[in-house]
Amino acid sequence: MYRNKIKKKERKNEKKTIKTIFGFFLLGNSIFLFLSFFSFLFHWKNDQSQLEKLFDKEIIAENLLGKMGATVSHYFIHCGIGVSAFFIPIFLFITGLKILFSKKEFLNNFYKSTIYKFLFFIVWLPIFFYVIVPDQGIFSGIFGFEIGNYLIHLFGIVGLSMLLFTSIIFYWIIIFRINNDSIMKNGMKKKIQNINKKIDTTLQLYNDFDNHTEMDSFFRKKKNMLYSILYNKKKEDLSFIDLKIDLESNKKKIIQILNHYNIEICEIKANIGPTITLYEIYPKVGTRISKIKNLKNEIALNLSALSIRIIAPIPGKGSIGIEIPNYKRYPVYMKDILFSEESHKKSHKMELPISLGKTVFNEIFIVDLAKMPHLLIAGSTGQGKSVGLNVMIVFLLYQKHPKDIKFILIDPKKVELSIYKQISRSYFATLPNSIEPIITDLHKVKNLLNSLCKEMDQRYALFEKSKVRNIKEYNNVIKKYNTYHLPYIILIIDEFADLNMNHQKKQIEIYITRLAQLARAVGIHLIIATQRPSVDVITGLIKSNFTARIAFRVSSKIDSRTILDCTGAEQLIGKGDMLFSNRNELIRLQCPFMELSDIQKIVDFYGNNNKKNEYFFLPKPDLS
């Protein structure tokens, strides 16, 4: 085995030596030919006149490379392709460099791009010089003379001149287009490399962070596993670069339609988002906002847009926003959010960070559920509601340790959240002696909510005894005494409308309202989702306690008002396009996308690495 390795190494060294010798051989020959050809331009008359006697001892050649240089130059230039012969030493020189420095990518690219250029000019230049200076055979060579003479008989001198002129124009058009494409490809390639570099830097940042904190080995393993799952696919082609091409055109169209209705503007800016492009218009002083708002349909028609949304004015800015759907939208992937440095910085100081996606300015949007403190999600079927819930759960699983967070999942449809059963022992809070960790039986919902209210009351009693105001203060105090640590509890209801069909509707609403009003301080938070945003489901009592709301696309303005207290959700374009409202602030976002297979792999990993953990049991409910 060892001898084989030595032999392989020796063979490799031999090949390398031969390659190096050949590379220097080509470089030497290229310099020899170039100097010969260059000297031939000045001394060819004297050397050519005595070419037959050139190898007599008495004759001295004036060429810099002597008799050999004069002879080689004569056959290559005068008897061959004229001044195009200079391409031969240049080509040999580049080939030699390529062989010696094969690892240099720019040399390889340059080598490929020069071959077809040389071929064109080797043919074109001799003919060109024959037309311009027919008496100077040194420039055209015999090749230029014969081909040029034949073409003049076919097309005439004027026709041949036009042919040469047209061919060089076509050549430069083709070269410009190829270079333009390669610049674009190189730009995209560089962008992808930058993204990869940023991700690697971020992972290093996470590893450094891990080494200086008390995180256990599972937490580090968890991040590495998520990285391997979510980055096992090819990168997307960053198609949003193509959107920039249409920006100027759309700007001109917007200005044109506004000018047509005598609306003057000072400036217009464009911000490309994942789903839409936001055009910020800065109108001149005295312009009525209502005039621009009333032109919504005219702008949509002029831009051939499916739908547009006008924000007049944009909060905190002296501008009016026009949101136009992108012709090519690019997806926001969970991997780009989880492993970004921006995400790490934003979520580092939050108690319960959840990512809702990216803004129209391509910024990662992360909020703290502990401060919201509850979230209402609504939208029509198939618009991204379930994907949004999965993204929130996975983000929390990634950020928090099992001892810090527990979920309660209510899934009336029985299939949406069943994927998380495998991690129920580690991450779920449940009723004592419960067989099913995920609540799918509507008759058990009342008991669970009753039990959760009892947990809330018990925690308040603990806080009073410990003289603290909230869960964060309590956990900091008990850390000193090494006593029982309280986890955050997150109640997620996938289809809230189904609970309203139950005969216990009134009782359920009372429990939900009580938890929404009081549970924040004790670390209990609610995320409620529904695909039926009607007033009998999202009642005034529910809305008053859920100030943070998400609206995916809905079918009507009435549904949008029911969720957000304003219109706009009916103009969304689906597939995760959403509006987030919190304390009178309305933000448009694109929800990240995660494949079900990736979620399953993540859940499998958590399930296999948390077998020692036990359920977090809630108090026994009152069965009255």
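Tutor: Two strands pair if DSSP finds at least two bridges between them. The model is predicted, so to speak of local features pLDDT must be at least 70, side-chain atom pairs count only at pLDDT 80 or more, and totals for chains, interfaces and linings use all residues. Residues are numbered from 1 along each chain as its sequence is written, and side-chain values use heavy atoms, with hydrogens and water left out.

Student: How many helices and strands are there in the protein?

Tutor: Both are DSSP runs, numbered from the N terminus: helices are H or I with at least four residues, strands are E with at least two. The protein has 20 helices and 15 strands.

Student: What share of the 624 residues counts as buried?

Tutor: Buried means under 20% relative accessible area, exposed over 50%, and partly exposed in between, with a 1.4 Å probe and protein chains only. Of the 624 residues, the buried share is 48%.

Student: In which sense do S5 and S6 pair?

Tutor: Strands of a sheet pair through backbone hydrogen bonds, either parallel or antiparallel. S5 covers residues 353-359. Ser355 stands opposite Ile366 in S6, and Pro353 has Asp368 as its bridge partner. Over 5 bridges, the sense of S5 and S6 is antiparallel.

Student: Which residue in the hairpin of S5 and S6 takes a positive phi?

Tutor: The hairpin has 4 residues between the strands. The positive phi is near 65°, and the residue is Asn362.

Student: Why is S6 largely enclosed by the rest of the structure?

Tutor: Ile364, Ile366 and Asp368 point one way from S6. Phe365 and Val367 point the other way, and all are buried. S6 is largely enclosed because its buried residues number 5 of the 5.

Student: Where is Ser36, and is it buried or exposed?

Tutor: Ser36 lies in helix H1 (residues 2-49). Contact means heavy atoms within 4.5 Å; not counting residues up to four places away in sequence, Ser36 touches Asn63, Leu65, Gly69 and Ser73. Its relative accessible area is 0%, so Ser36 is buried.

Student: Which residue has its backbone oxygen 2.8 Å from a polar atom of the side chain of Ser36?

Tutor: The oxygen belongs to the backbone, the polar atom to the Ser36 side chain. At 2.8 Å, the residue is Phe32.

Student: How many aromatic pairs does the count come to?

Tutor: Rings of Phe, Tyr and Trp (its six-membered ring) pair if their centres lie within 6.5 Å; planes under 30 degrees apart count as stacked, over 60 as edge-to-face and the rest as tilted. By this rule the count is 8.

Student: What kind of pair do the rings of Tyr427 and Tyr606 make?

Tutor: Tyr427 is buried at 0% relative accessible area, and Tyr606 is buried at 0% too. Their ring centres are 5.8 Å apart and their planes at 45°, so the pair is tilted.

Student: How many residues apart in sequence are the parts that this pair ties together?

Tutor: Tyr427 lies in helix H13 (residues 424-427) and Tyr606 in helix H20 (residues 596-608). The separation in sequence is therefore 179 residues.

Key:
Polar contact = N/O pair within 3.5 Å; in protein donor to acceptor, adjacent residues only side chain to side chain.
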